[in-house]
Amino acid sequence: MSGGTALNPKTAPPFPIAATAMVGNTQLRKNVRHATDVIQAKRARVVGEMPDWQALRDAGSAVREHTIRNLPFYLEQFERNCTAAGGHVHWARDAAEARAIVVRLAQEAIARGRTAPSIAGRPAGEPQGTHPGAGEAADGVALQGEVIKIKSMTTEEIQLNRALESVGIHPYETDLAELIIQLGQDQPSHIVVPALHKNRQQIREIFLREMKLEHLGESPQDLADAARRFLREKFLRVETAISGANFLIAETGGVCVVESEGNGRMCLTLPKTLITLAGIDKVVPRFQDLEVLLQTLPRSATGERMNPYNSVWTGVGKGYAAGDGPEHFHVVLIDNGRTEVLADAEARQTLHCIRCGACQNACPVYRETGGHAYGSVYAGPIGAILTPQLLGMHYAQSLPYASSLCGACYEVCPVKINIPEVLVHLRGRVVEENTGGLKTITNPEAMAMKAAGAIFRSEGRFRAAQRLGRMGETPLERRDGQGQKWVSWLPGMLGGWTNVRDLRAMPQQTFREWWEERERKGAPAGEAG
Amino acid sequence: MTESSAMSSREAILSRVRGIVGEARDADTVGLEWAALPRAYNAASAADRDAVLLRLIDRLHDYDAQVYRVSPEEIAGTVREIVSLLGLTEVLVPAGLAQGWLPDGVAFVKDEGFSPRELDRFTAVLTGSTLAIAETGTLVLQNLPGQGRRAATLVPDVHLCVVREQDVVATVPEAMRRLQATAELPTTFISGPSATADIEMTRIKGVHGPRFLHVLLVR
């Protein structure tokens, strides 16, 4: 079970090039549009039920800002309380270190399982091949492990699955959408519903092939049933689980995971070992803060008043009835560029994100291109600001430009991250890095803006530019079925626009020309030509 | 981060964060700042009790849960009806469940820390609950007598859950404030049966958790 080529911003093509390919995929665009339409309608309905929605957004924003401002306090408090409850807290500076820690913890857990009597229950026919680096169990059989996983974008961010596979550990994704992605050797295209770009026929083909089924219906119910059967045996057998976290609660050392299917609860409660990976930005001050975030997250993410399951647990539960959940619990706190985001005071609010995905659904650019064009597990507006900051601005330079700055993302954000403001700020940083600070001399966009400024300042120049533009584009025009004229290719730098969209041809008469003609004729208003 | 190669990753990350936002402040200062955060949202509901209970029932129905309004004396009889309707012969129960809820003629098996495979033998489980939230149709279960381990309400396909009307709150903030005293316990918020919308945004009941949720709302 090997994953496809992982989304890696360091090697992904720039957004305009990737997006050009995506907008040509009509099936994908149709699937993405349908899914985002449905979620947006549901979200609007359940948000509309809340007369205090804006107050909740204000409170959520304030809680997140307060947390980030006091991050050293809350991280240490979380670590202290989690440890006191029997958990183990690890710290990872970057993806490589996080991968190494998780792989080591998984190997230790699997080795424990090998020496424990319960391994006798392992069914026959499981892969027993050898692999390097995992050592030998007491019975002489090379270790060959398995882990079950809850959907976690942070594990995608560090490309954990490939690291596990490279030492012979099979990660089974248990979220339905992640299972579709994994079996289809695909990549997630949305933070909350990673397989929204696939329709039921495509999912059925993947399941038939990968689950080796002879018959399978094509209704969502049939497909979900197939996933249930496929995963049930793994839930009952595999003794190590890996999860992400929605929130780390500093006050109690507790962890909160929000989900729908129950696969999360299976992973959190049935295995003997649980390894939770979380960004250092996931901490919240107090248990009571969930009263804000548990109201805004589900409504924003899936358009439900509450998602079917939220789990909150603390360590391995010293002090209450034993046997509830894993015996071994680890939290791996990962930086991986988050302190870089923190260091930029103007972009710091990016860390307030609670990963609801509402900005993706609302974004006209995301809705046209789908998630893969962003070249990162974080797609859409939040990806456009998060990815370049996590990776360093020299990667993913095109992402701050992958937006029309329409503000829809800000409007739906449950913690009021001003994404357009951050996008503009990051565009400034891109220009600065590309020109070494000499913005206006060498940067073509800055030069173009200067020229545009000169044109807009003078009425004569503006009129001349309109006439010239109309003349210049005439050879490039073509008519569609309705007789409307379009331009689908512009030369030089202007091609940046037409690479990813067609341009409506300029009208034969400008508003000014129409207005002046109207004045001459003395015609009544409202008869535009 | 070469300057920190001699430092542990913990110290490297924390010192970086401190370098940016300043040293960790004392608990009192941070606590005062937290207490002053704006909370203009509705913490409680002005609705009367009947409206709150009706809202809970409406929300539960919305998630395809079955709701039965019963008196304390009717619990056992209703459990018997559901069990017979579903054709069940045995039902899993956590330690500490009220004996009066269990009708004669049904085999109740107490959860003695069954393994996942052993839990998988059971079709149904009967538990109590800590509270329920009307606004969101949510039941909250904790590791307390009568509510059991988290796994016990997860693996069986049918969950019968007893909720006392006095434990029904209107809003999420009311619930969180009641749960504060036991915030460290393993806690599960259940809003309807397991569901997914991953395939073309079509909501489907029951992927991995219980497919059927029966709520006995006790006067």
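A:Trp313 is buried in this predicted model, with a relative accessible area of 2%; buried means under 20% relative accessible area, exposed over 50%, and partly exposed in between, with a 1.4 Å probe and protein chains only. A:Phe329 is likewise buried, at 1%. Residues are numbered from 1 along each chain as its sequence is written, and chains are lettered from A in the order in which they are written. Because this is a predicted model, local features need pLDDT of at least 70, side-chain atom pairs count only at pLDDT 80 or more, and totals for chains, interfaces and linings use all residues, while side-chain values use heavy atoms, with hydrogens and water left out.

**Aromatic pairs**

A search of the whole structure finds nine aromatic pairs over all chains. Rings of Phe, Tyr and Trp (its six-membered ring) pair if their centres lie within 6.5 Å; planes under 30 degrees apart count as stacked, over 60 as edge-to-face and the rest as tilted. The rings of A:Trp313 and A:Phe329 have planes at 70°, so the pair is edge-to-face. A:Trp313 belongs to strand S9 (residues 309-314) of chain A and A:Phe329 to strand S10 (residues 328-334) of chain A, so the pair ties together parts that are 16 residues apart in sequence. Helices (H or I, at least four residues) and strands (E, at least two) are DSSP runs, numbered from the N terminus.

The planes of A:Phe511 and A:Trp514 stand at 35°, so this pair is tilted. Both residues lie in helix H23 (residues 511-521) of chain A, three residues apart, about one turn of the helix. A:Phe511 counts as exposed, at 59% relative accessibility, whereas A:Trp514 counts as buried, at 15%.

| Pair | Centre distance | Plane angle | Class |
|---|---|---|---|
| A:Trp313 and A:Phe329 | 5.7 Å | 70° | edge-to-face |
| A:Phe511 and A:Trp514 | 5.6 Å | 35° | tilted |

**Charges over rings**

A charge sits over a ring if NZ of Lys or CZ of Arg is within 6 Å of the ring centre and within 35 degrees of the ring normal. In chain A, the charged end of A:Arg518 sits over the ring of A:Trp515, 4.7 Å from its centre. In chain B, the ring of B:Trp34 has the charged end of B:Arg39 over it, 4.6 Å from the centre.

**Two buried loop residues**

A:Thr174 is found in the loop between strand S3 (169-173) and helix H8 (176-183) of chain A. This residue counts as buried, at 0% relative accessibility. Its contacts (heavy atoms within 4.5 Å) beyond four places in sequence include A:Ile148, A:Phe235 and, from chain B, B:His208. The side chain of A:Thr174 also reaches the backbone oxygen of A:Lys149 at 2.7 Å.

B:Asp111 occupies the loop between strand S3 (107-110) and helix H5 (116-119) of chain B. At 10% relative accessibility, B:Asp111 counts as buried. The side chain of B:Asp111 reaches the backbone nitrogen of B:Gly113 at 3.0 Å. Beyond four places in sequence, B:Asp111 is in contact with residues including B:Leu92, B:Pro94 and B:Arg149.

**Confidence in chain A**

The mean pLDDT (the predictor's confidence in each residue, from 0 to 100) of chain A is 87, and 88% of its residues reach 70 or more. Over residues 118-142 of chain A, pLDDT stays under 50. Where pLDDT is low, the predicted coordinates should not be read in detail.

How values were computed: A polar contact is a pair of N or O atoms within 3.5 Å; within protein, one must be able to donate a hydrogen and the other to accept it, and residues adjacent in sequence count only if both atoms are side-chain atoms.
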